[in-house]
Structure formats: structure tokens, C-alpha cells
Amino acid sequence: MSGLARSKKALFTLIGLLMALVLLELLARAALFASGRGYAQFREYNGWVHRISIATPPAEHDVSHPFLPYRPRPGYGDINGIGLRGPEAEWEPAPGVLRVACLGGSTTYDNWYPVALEESMNDFFDFHDTPFDSCEVLNFGMASWTSMESLLNYSLRGVHLKPRIIVIYHGINDAVAGSIPPGATARPDYSHWRTPWIAVPRPVWDLLPESLDRFRLVGLARYGLSKLFLSELDPNQLFRCGLRYSYESGQGETPFNTFGSNLSAIVSVALNCSTTVFVVSQVHVSELTEEVFDSGDLADRVAAINSEAEEVAHDFESTGRVFFIDAALDLPIRREMMRDNCHFTPEGYAVLGSFIAGEMLAVLDSLQWDLSEPLDFR
């Protein structure tokens, strides 16, 4: 066969393929039209598969811990070698130092209130005679952690840092974790909401440029392959690390009192370690919640969490080692002190830290600074 003949054959083959693709594209468009389904939802799903397959956890998140879905990555940024946000710390408290640990979610992990708490306590020690020379506050918080993660972190790791006092400041994350969207089944360990980070290998068909999805044939083929081979994908990768879904107003509520159970367990572990506990209600500005969600539903849920926190603290009141600080009621808040419905500005966090310090010092004075040495498990 001459070169000219081979060229003609290749050209006719190419034209035939192009005509077949055009025909298939027309058939795909006709099928979509007949089904009454818009193409946007298919492109959206393909985009989601693309994002989820190239996603990585935030750099400051360590997702390799065997029991926690994630935690602060030791040694990253301002996270110390133990995995706590803040200066380096030793497992053993220094002599003469009152070690305090703050448990919570992002409102604790932000670190402004623990820093303000430490500064206020040390300002007091500078001018008053106490059994301690100084105060060291450790940050046991992490973004989006609930009481569940705090229970695990404190019970498995935190007790070995031997804090004499723990401050528990949880609220909104437990309220969100306790919300149940349609189709979800509530579980007492929040696993309906929480999931570990799952790395998703990038599928071969995702290597094609997303711009090719303007052709219905390509987009539908990509969609079909993803549905067939990636049916177990977890949409948590679209959100922050380890979350299956976000809160929406009107979602159902879990029938389990997970927060109350977790908080009671944290307090019990602390008391077993001879540690004094301060449970603090979480500040939540209802009008800011209503501006975002057009509903006060989330604020009501946080209020219920705060009521449960007070009740748990009351249940342990007879121990003489568990105290409730009602920051949600007693802290003087101005709107300009808030970044959103529950996160403060740095100045607002300073007010919160100073407030907690003042309430704590009043209690410690009433106890005549009788704080037991925490148990040593080594």
C-alpha cells in the first residue's frame, strides 16, 4: 500500500471516529433531555471527585494517631513536640509550678484564652503568697474537637502530663455533632458525624482536564466510572478533616446524651488522678448565629449543652473538686469582641482568660490552695 493510500485510510478512520464521537455526544444530550435531569449535577459530582482525590489534610493535622481522628501535628509551626499548641513542655511539671490544662475545640486551640489565663494567674502569683511560684497552662484543644476527642486525648495522653487543674470549655462542636441530617443514623460515639481521614487514590479518568466535561459524553462517562468504582467515597473530604457533614438549621437531634456522658467521664478520670476540675459554659452570641443561619436553633442547642455542663458539675459538687464557671451568663460581652458566634477576637479571648482566672482564683482561695499532687503513672 502506497503512502498516499495509507494516509487516506488514516484520514477516513479519523473522520469515522469523530463522527462516532459526535453521534455519541448527541445521544448523550438526547438521553439527558429525555430524563429531565440537568447536566450541572453530574459536573458537580465530577468536580467533587476531583477535589476529594487530590485533597490532603491540613498541614497542622496529624492523621496518623491510632485512636484520635486527628490531632495537632507535633513540631509543626507553634505546636510543640508533645503535640500541644504553645511552648515546649516536659511531661513532668517543674517544681513549684501550678500546671493547668485547657480542654476544648477551636476556641481553646486558638490559644489566646489559655495564654491570657496563664498571664492572669502569673500576675496574681507575682503579688500574692501562694504555695506555687508560677502557673503553666497547657493547651489540650484542637479545631473541631468535641468532648469525645477531649475524653480520649485527656484519658490516654493528658493525664501523663499531670495537671493539677483542668478547664473544660466545650459547646458548639458537640451541638453540631449531635445534629442529625435526614438519612443519618445517630450513634452515641458521634461516628455518624466524625470519620477518620481516608486517602483516596486519584482515579485514571480524573487525569483528563476538567474542561473536557463541557462535552456530555466525557462528563457522563467520568461520572459513571466514579459511581462504579468509587462508590464508597466519604464526603468528609469536602469539609474540614474528619467531618461527614456540616450543620444546617432544622436538623434532627441525637437521642443519646453523648456530651453528658463524655463530660462525666472526663471529670471522673480527673478526680481519679486527684485533679481539680473547672467546667466552663461556652459563650455563644445568639444574634450572630441567627444572622448566619436565619434561625436561633444552633444557639438553643449550645444553651442545652451549657445546661448539661452545669448539671454534670453539680452532680460532682459533693467531691469538693469540681466547679462550674458560667461564662455564658456572667462574662460581659460586646459584639466587637466576637469574630463570629463563638470565637472571640484576641482582645475578647483575653477577657475570657482573665475572667476564668478570676473565678478560679476565688475557688482556690476558698480551698486554701489545697491542691493534691496528681497521680504519677510512671
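The exercises below, each with a worked solution, concern a predicted model.

**Exercise 1. The second largest pocket**

State the volume of the second largest pocket, find the helices that contribute to its lining, and classify the lining residues.

Solution.
- Step 1. The volume of the second largest pocket is about 280 Å³.
- Step 2. Its lining is made up of 15 residues, and those nearest the centre are Glu253, Thr254, Arg301, Ala304 and Ile305.
- Step 3. At least two lining residues come from each of helix H6 (172–177), helix H8 (258–272) and helix H10 (297–315).
- Step 4. H10 contributes the most, with 5 residues.
- Step 5. Sorted by class, the lining of this pocket holds 6 nonpolar, 4 polar and 5 charged residues.

**Exercise 2. The cavities**

Count the cavities of 30 Å³ or more, then describe the lining of the largest cavity and of the second largest cavity.

Solution.
- Step 1. The count gives 2 cavities of 30 Å³ or more.
- Step 2. The largest cavity has a volume of about 50 Å³, and the second largest cavity one of about 30 Å³.
- Step 3. Around the largest cavity are Gly105, Ser106, Thr107, Trp145, Tyr169, His170, Gly171, Ile172, Asn173 and Gln282. Helix H3 (106–109) and H6 each provide at least two residues of this lining.
- Step 4. The classes for the largest cavity are 3 nonpolar, 7 polar and no charged residues.
- Step 5. Around the second largest cavity are Arg71, Pro72, Gly83, Leu84, Asn139, Phe140, Gly141, Trp145, Asn153 and Arg157. The classes here are 4 nonpolar, 4 polar and 2 charged residues.
- Step 6. Trp145 is listed in the lining of the largest cavity and also in that of the second largest cavity.

**Exercise 3. Glutamine 282**

Locate glutamine 282 in the fold, decide whether glutamine 282 is buried or exposed, and list its contacts.

Solution.
- Step 1. Glutamine 282 sits in the loop between S8 and helix H9 (286–293).
- Step 2. Its relative accessibility is 2%, so glutamine 282 counts as buried; the cut-off for buried is under 20%.
- Step 3. Leaving aside residues up to four places away in sequence, glutamine 282 touches Thr107, Tyr169, His170, Gly171, Ile172, Val302, Asn306, Ala328 and Cys342.
- Step 4. The lining of the largest cavity includes Gln282 along with Thr107, Tyr169, His170, Gly171 and Ile172.
- Step 5. Tryptophan 48 is 234 residues from glutamine 282 in sequence, and the two C-alpha atoms are 35 Å apart.

**Exercise 4. Helices H7 and H12**

Compare the end-to-end reach of helix H7 with the expected span, do likewise for helix H12, and show how the buried residues of H7 are arranged around its axis.

Solution.
- Step 1. H7 (residues 216–229) has 14 residues, and the distance from its first C-alpha to its last is 20 Å, close to the expected 20 Å at 1.5 Å a residue.
- Step 2. The buried residues of H7 are Gly219, Arg222, Tyr223 and Ser226. Viewed down the axis of H7 they fall within an arc of 100 degrees, so they line one face of the helix.
- Step 3. An α-helix has 3.6 residues a turn, so residues three or four places apart point the same way.
- Step 4. Leu228 and Phe229, on the other side of H7, are exposed. Helix H2 (40–54) is among the elements that cover the buried residues of H7.
- Step 5. H12 (residues 346–366) has 21 residues, which should span 30 Å at 1.5 Å a residue; its end C-alpha atoms are 30 Å apart, so the two values agree.
- Step 6. The buried residues of H12 include Gly348, Tyr349, Leu352, Phe355 and Ile356.

**Exercise 5. Positive phi**

Find the phi values of serine 274, glutamine 368 and tryptophan 369, and place each residue in the fold.

Solution.
- Step 1. Serine 274, a residue other than glycine, has a positive phi near 60 degrees. Serine 274 belongs to the loop between H8 and strand S8 (276–280). With 30% relative accessibility, serine 274 counts as partly exposed.
- Step 2. Glutamine 368 follows H12 and has a positive phi near 55 degrees.
- Step 3. Tryptophan 369 is not a glycine, yet its phi is positive, about 60 degrees. Tryptophan 369 lies in the segment after H12 and is buried, with a relative accessible area of 11%.

Terms used
Residues numbered from 1 in each chain as written. Predicted model: local features only at pLDDT ≥ 70, side-chain atom pairs only at ≥ 80, totals over all residues. Heavy atoms only, no water. 1 Å grid on protein atoms, 1.4 Å probe; cavity = no way out; pocket = protein on both sides within 12 Å on 5 of 7 lines; lining within 4 Å. Points joined across faces, edges and corners; volume = space filled by probe spheres on them. Helix = DSSP H or I, 4+ residues; strand = E, 2+ residues; numbered from the N terminus. Nonpolar A, V, L, I, M, F, W, Y, C, P; charged D, E, K, R; others polar. Expected span 1.5 Å × (residues − 1). Buried < 20%, exposed > 50% of the residue type's maximum accessible area, 1.4 Å probe, protein only. Arc of directions from axis to C-beta. Contact = heavy atoms within 4.5 Å.
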